[in-house]
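I set out to record what the strands and helices of this chain do, entry by entry. The sequence and structure are placed below for reference.

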Amino acid sequence: MTEKKVWLITGAGRGLGVEIAKAALAAGHSVVATGRDAAKVEAAVGRHDNMLPVTLDVTRPQDPEAAVKAALAKFDRIDVLVNNAGNFFAGFFEELTPEQVRNQIDTLLFGPMNVTRAVLPVMRKQRSGLVLTISSTAGIAGQLFCTAYAAAKFGVEGWMESLTPEIAPFGIRTMLVEPGFFRTELLSNDSTIYAAPSIADYAERTNQIVAAWTSMDGKQSGDPAKLANAIVKLAALGVPPTRFAAGADAVQAFEAKANALLVQAHAHRELSGSLTYDIP
């Protein structure tokens, strides 16, 4: 991979995607900044000689193909793919509609798959590249009110972890980024859709959680600009990390899940080891 790289970033019209695009440009890279409205992407990131704004809806398989063609026509290669586009359907599982759950998985799991499928042939031909996917601590540990979101992010984790050895022989690496709470637009009305209250048993907790999350919006401790700079630095490493816990709260989530898994592994160790066929 050359020192100056070509980045293709999804969801670059707002939130973390804007910051990643700005950080990559500031580091001297070229950026294909994509979003559902290319004009809004350009307005959010700002005009730059090394930036190509492109319309890309990750849920439409034909859009990534067109974006890749545009990237190659402008820059002749793609070195770093950042799967960042996302949304958030929040609520208790029983109150989320099947359509909302499918929409969540379509955007957060099948969306990155669509874009990665379009980019991988380019990277295989180059025999180099980095597929970087923004996951979440909700992809490490499930949590209340996040059943659809966690299902999609857990899927992202398993997909990327399994993809890694498949593409490594071609010089292509992967990196998962699991942010904790950052001051992006994830909890804003533009990004978060709450399940409509329909079951009385959940009403009190729903009101409490929605009020807490609404009050948290815009006050999260994580700085997305600092995260974007960290991502650009990590992407420049000869061997980027397979996973990056983004934020002190993310590190705590990793440690808590690792410890919980160890406890669960040992809790019934004797029984676990007794399930083989008896030797005659």
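I took two strands to pair if DSSP finds at least two bridges between them. Helices (H or I, at least four residues) and strands (E, at least two) are DSSP runs, numbered from the N terminus.

Entry on sources. I noted that this is a predicted model, in which local features need pLDDT of at least 70, side-chain atom pairs count only at pLDDT 80 or more, and totals for chains, interfaces and linings use all residues. Residues are numbered from 1 along each chain as its sequence is written, and side-chain values use heavy atoms, with hydrogens and water left out.

Entry on the sheet. I found 7 strands in an open sheet, ordered β3-β2-β1-β4-β6-β7-β9, with parallel pairing. β3 (51–55) and β9 (243–246) stand at the edges with a single partner strand each, so one side of each has no neighbour in the sheet. From one strand to the next the twist averages 15 degrees; axes here are lines fitted to C-alpha atoms, for helices over the stretch in contact, and angles run from 0 to 180 degrees between N-to-C directions.

Entry on β9. I looked up its pairing with strand β7 (residues 172–179): the two run parallel and are joined by 4 bridges. Pro179 stands opposite Ala246 in β9. Helix α8 (residues 248–267) packs on the sheet and touches β7 and β9, its direction making about 120 degrees with that of β9. Contact means heavy atoms within 4.5 Å.

Entry on two helices. I found that the axes of helix α1 (residues 15–26) and helix α7 (residues 224–235) come within 8 Å and cross at roughly 50 degrees. The two are therefore oblique to each other, a term for angles that are not under 35 degrees (roughly parallel), over 145 (roughly antiparallel) or 65 to 115 (roughly perpendicular). Residues of α1 in the contact include Leu16 and Glu19, and those of α7 include Pro224 and Asn229.
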